[in-house]
Amino acid sequence: MLGHIKILYHEGKQFIPDVTTARVPGIFRGRPVISRTKADEEALVNICPLGAITASPVQLDLGRCSFCGECARQFPEKIEFTTDYMISVNDRERLIITEGVNEPLKISPEKVRREIPRLFRKSLKLREVSAGGDNSCEWELNAANNVQFDMSRFGIEFVASPRHADGVVITGPVTENMAEALQICYDAIPDPKVIILAGTDAISGGIFRDTPAINRDFLNRYKIDLYVPGNPIHPLTFINGVLDLIK
Amino acid sequence: MKYTTIVNNQTIPVSQIPEIPYDAFFELNAGFVTDAPELHCVNYFGYPAGSKVKLICCMADDLHHVIHVSSCQVHPTDQLPSLASQLFCFEKFEREIHENFGIQFTGHPWLKPLRYAHNRKDPGQTIANYPFYSIHSEELHEVGVGPIHAGVIEPGHFRFICNGEQILHLEIQLGYQHRGIESLFLSKTRLSERVQIAESIAGDNVVAHTLAFAAAWESLCGYKPSPMLESARTVALELERIAIHTGDLSAACADIAYQIGSAVFGRLRTPVINFMQEWCGNRLAKGLIRPGTDQYPFTPELAQRLAEVLLRFEPEFIEMNTELFKMPSALSRFERTGTVSLANTTAIGSVGLAARASGLSRDIRSSHPYAGYHTLKHEPIVKRHGDVYSRLQVRKQEVPQSIGYVRELLKSMETSQTVATPPGTPAPGSLVVSLVEGWRGEICHCAVTDAGGELLIYKVKDPSFHNWMALAMAVRNNEISDFPICNKSFNLSYCGHDL
C-alpha cells in the first residue's frame with residue numbers, strides 16, 4: 001500500500017493537458033511542405049518507393065506516403081516534413097499536398113454527415129478491425145488511450161463488440177482473408193455509423209496495394225468519414241482528427 | 001558430405017549445398033534434432049526448380065555456432081514420408097510446403113492449411129472452411145473466439161474445446177493477416193521497396209525484421225557494415241526489446257485488473273519510443289535501418305539524450321516491478337498459469353522468450369552472434385517453470401540487461417560519421433541465412449538468388465511460427481478465463497506468422 005502511494009507520488013500527473021497544442025519531440029515527420037524550388041522532378045518521382053509523388057506540379061499524396069522521409073533527405077530544398085501532426089481529413093483529395101501550398105489540413109465541415117456531430121459529439125464508441133495491419137497502427141491506437149494521451153476523457157473509446165459501437169476503425173490494407181469478417185463486423189454495427197481509416201495501409205494499401213492477397217472492395221462500397229494518415233499513425237493525429245470530426 | 005556448414009549471415013553459392021535423395025535428407029535432418037536440444041530447425045522451405053521443387057533445410061547448432069544446410073529435389077506430386085510424424089518441430093514447415101506445392105507428406109499428424117496464402121496450390125480451400133478438430137460428447141462444448149478480438153489487436157481464430165470452465169484443447173487458426181509478403185519481396189525489385197516490406201512484416205518488431213533483411217542483403221552484396229553502424233543497430237534492437245517488454249508488462253497488469261501497474265508500465269514505454277522518434281522520426285523505428293547506410297547517424301547528442309532517458313527509466317521500472325511481484329493477488333494469477341513443460345517446448349521447436357521461460361536456452365545473441373553481439377558476450381536469461389510468471393520474469397530481467405548492453409555500446413561509440421556506401425549488387429546463385437534475436441525470439445530470413453543475381457526466393461520465419469503452438473499447449477487444463485493472460489504472456493505476432 002505504501003509502495004503504491006510512493007509510486008503515485010513519483011509518477012505525478014502524466015496526462016497531456018491540451019492535445020491540440022502538445023508538441024512532439026524530435027524530428028517527427030508530419031505534414032510535408034513542398035517549395036516551388038526547381039528540382040529534378042523525374043528523379044524526385046522515382047525516389048518514392050510507394051509512388052506517392054507526382055510531377056508538374058509536384059504533389060505528394062499523404063494517403064500513399066509511408067513517411068519514410070527519403071524524398072526530404074535527397075531533396076531538402078524541395079520537400080520538408082514539419083512536425084505538424086494535425087493531418088487527418090475527411091476528404092481524400094485534401095491528402096494530396098501541392099508545391100507552394102503551406103496550409104494546415106482540416107476537416108471539410110460541409111462534407112461531414114449531419115448526424116455525426118449531433119449524435120457523437122459527446123460520446124463515440126469505436127470497434128477496431130485490423131485487416132492485415134502490421135500491429136504498428138494497432139499499437140498506436142492502444143497508446144491513444146494510455147495515461148498520457150487519455151483519449152477516453154473526450155468520450156472516445158474502443159469497445160469489444162460491434163453491437164456497442166458507433167463506427168469502425170480499419171487498419172491494414174484489408175486482406176482477402178479478412179474481407180468477409182470486416183463486412184460482418186460492419187453490418188453488426190447499428191446505424192448510423194462512421195468509418196475511419198487509420199494508416200497508409202488502410203487508406204491506399206501502402207506497399208501492399210499491388211498484391212493479389214488483398215481485397216479492398218469493402219472500402220469502395222461505403223463513404224469514408226475520416227482518413228488518418230501515418231505509418232503508423234501518431235496518437236495525436238488520431239485523437240485530433242476524431243475530435244474535429246465530431247465537434 | 002551430405003550437407004554444408006555455414007555461419008550466421010554467410011553467403012554461399014547454392015551449388016555448394018549437396019543435393020541428396022529425400023531418404024537421406026529425411027534421415028540427416030531427423031538425426032540432427034533427435035535428442036539434441038542444442039540443434040533446431042531455423043528454416044525448412046521449398047521453391048520451384050523447373051518442374052521440380054527444391055527443398056532446403058537449415059539446422060542451427062547452438063553449441064558450435066554454425067548452421068547445417070542440406071537440400072533435395074522432389075516432384076510436386078510426390079508422396080514423401082513426413083518428418084513431423086516423428087519430430088513435431090517440422091509440423092508447420094511441412095504444412096507450408098504442402099500448402100504451396102501440393103506435396104503430400106504421409107504420416108503427418110494433420111496436414112491442414114497453414115495460412116491460406118494467395119498463391120496456394122489448392123484455391124478451393126478457403127479460410128471460412130478450416131477443418132477444425134471436434135470431440136463429440138455431451139459433456140463438452142466448443143467456444144469460438146475471433147477472428148476479430150475484443151481488444152485493439154490483430155485477427156486470428158481460437159477454437160476451444162472445454163469441459164465446463166476448463167480448456168481441454170485449443171486449436172489456433174491463422175491466415176487472416178496474409179498479405180503476400182514473401183512474393184512481394186520478389187515482385188518489388190527496388191531495394192527501397194524491399195526494405196519497406198521488411199519493415200511491415202511485424203510493426204511491433206520493426207528493428208529486428210529490418211535488421212535481418214539488411215544483414216542478409218549486405219551479406220549477399222559482400223558489404224561489410226562499419227562497427228559504428230553495427231553498434232547503432234544493436235542499440236536500436238535493444239531499445240525495441242526494452243520498449244515492448246515494458247508494454248507487455250503493462251498489458252499483463254491490465255489483464256489481471258491491476259490498474260496502477262498497467263498505467264505505470266504503459267507510460268514508461270513512452271520515453272523509450274519517443275527517443276526512437278528523436279533519433280529517426282518514427283516511434284517504431286520505421287525508416288531507421290537501410291542496407292549500406294546509417295542515414296540517421298547516432299550523434300553524441302543522441303547518445304547523451306539516451307543515457308538520460310535510461311537513467312530516469314531504470315529506477316522507475318524496477319520500482320514498479322518490485323511492487324508488482326510482491327503482491328499475492330498478482331502472483332496467484334501468474335504462478336502455475338499457462339505452463340509449458342520443457343519437453344513440450346523442445347518438441348515443438350519453440351524459440352526465444354517463450355523457450356527460455358521453459359528452461360530451453362535459445363538465444364541467437366549468444367548462439368549465433370551478429371552485429372554488436374560479438375563483443376557483448378550475451379548470457380541468456382533462462383527460467384524453469386514455463387508459466388506466465390516465468391515469461392514475465394524473463395521480461396523483467398531482460399530489460400535491465402538490455403539497458404546494460406545499451407550503456408556498454410554507448411561507451412564504445414563516441415565518434416560517429418555518416419556512412420553511405422551503396423551496398424552493391426547481390427551475388428548470383430547464392431544463399432544466405434540471416435538470424436536475429438528480436439524481443440519475441442529468433443527471426444530467420446533466407447534468400448536465394450538466381451544466375452542473374454535477382455531474388456529467386458525470400459523466406460521469412462517469425463518466432464511466432466513455432467510459438468503459437470506453445471500457446472495452444474499452455475492453456476490446456478487452464479480455466480478459459482485465464483486465456484487472455486496466457487495469450488498476453490506470449491504476445492505473439494499474427495502478421496509475422498501469416499506474412
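In chain A, the five strands β7-β6-β8-β9-β10, in that order, make up an open sheet with parallel pairing, where strands are DSSP runs of E of at least two residues and helices are DSSP runs of H or I of at least four, numbered from the N terminus, and where two strands pair if DSSP finds at least two bridges between them. The model is a predicted one, in which local features need pLDDT of at least 70 and side-chain atom pairs count only at pLDDT 80 or more, while totals for chains, interfaces and linings use all residues. Residues are numbered from 1 along each chain as its sequence is written, and chains are lettered from A and ligands numbered from 1 in the order in which they are written.

**The sheet of chain A**

The edges of this sheet are held by β7 (156–158) and β10 (226–228) of chain A, each of which has a single partner strand, so one side of each is left without a neighbour in the sheet. On average, and with direction ignored, neighbouring strands are turned by 25 degrees against each other; angles here run from 0 to 180 degrees between N-to-C directions, and axes are lines fitted to C-alpha atoms, for helices over the stretch in contact. Within the sheet, β6 (residues 124–130) and β8 (residues 167–171) of chain A pair in the parallel sense over 5 bridges, and Ser130(A) stands opposite Thr171(A) in β8(A). Helix α5 (residues 136–143) of chain A packs on the sheet and touches β6, β8 and β9 (194–198) of chain A, its direction making about 135 degrees with that of β8(A). Touching, like every contact named below, refers to C-beta atoms, placed from the backbone, that lie within 7 Å.

**Helix packing around α14 of chain B**

In chain B, α14 (residues 388–412) packs with α6 (residues 227–255) and also with α8(B). The two pairs are set out here.

| Helix pair | Angle | Axes apart |
|---|---|---|
| α6(B) and α14(B) | about 155 degrees | 9 Å |
| α8(B) and α14(B) | about 160 degrees | 11 Å |

Angles under 35 degrees count as roughly parallel, over 145 as roughly antiparallel, 65 to 115 as roughly perpendicular and the rest as oblique. By this scheme α6(B) and α14(B) are therefore roughly antiparallel, and α8(B) and α14(B) are therefore roughly antiparallel too. The crossing of α6(B) with α14(B) is left-handed, as is that of α8(B) with α14(B); left-handed means that the near helix is turned anticlockwise from the far one by less than a right angle, and right-handed that it is turned clockwise.

Where α6(B) meets α14(B), the residues include Val235(B), Leu239(B) and Ile242(B) on α6(B), and Val399(B), Ile403(B) and Val406(B) on α14(B). The residues of this contact divide into 11 nonpolar, 6 polar and 5 charged, with Ala, Val, Leu, Ile, Met, Phe, Trp, Tyr, Cys and Pro counted as nonpolar, Asp, Glu, Lys and Arg as charged, and the others, Gly among them, as polar. From α8(B), the residues that meet α14(B) include Leu306(B), Leu310(B) and Phe317(B), and their partners on α14(B) include Val399(B), Ile403(B) and Val406(B). The contact of α8(B) with α14(B) divides into 10 nonpolar, 1 polar and 2 charged residues.

Helix α16 (residues 483–490) of chain B is mostly covered, with 7 of its 8 residues buried; a residue is buried if 20 or more other C-beta atoms lie within 10 Å of its own, exposed if 12 or fewer, and partly exposed in between. Among the buried residues are Phe483(B), Lys488(B) and Phe490(B), and the cover over the buried residues includes α6, α9 (328–334), α11 (352–357), α14 and α15 (464–474) of chain B. Just after this helix, Asn491(B) takes a positive phi of about 45 degrees. In the loop between α15 and α16 of chain B lies Asn477(B), which has a positive phi near 65 degrees and is exposed, with 12 other C-beta atoms within 10 Å.

**Backbone details in chain A**

Phe67(A), in the loop between β3 and α3 (70–74) of chain A, likewise has a positive phi, near 55 degrees, but Phe67(A) is buried, with 26 other C-beta atoms within 10 Å. The peptide bond from Ser56(A) to Pro57(A) is cis, with omega near -10 degrees.

**Where the chains meet**

Between the chains, 47 residues of chain B are in contact with 50 residues of chain A. On the side of chain B that touches chain A, the largest share, 9 residues, comes from α7(B).

Note on methods
Contact = placed C-beta atoms within 7 Å.
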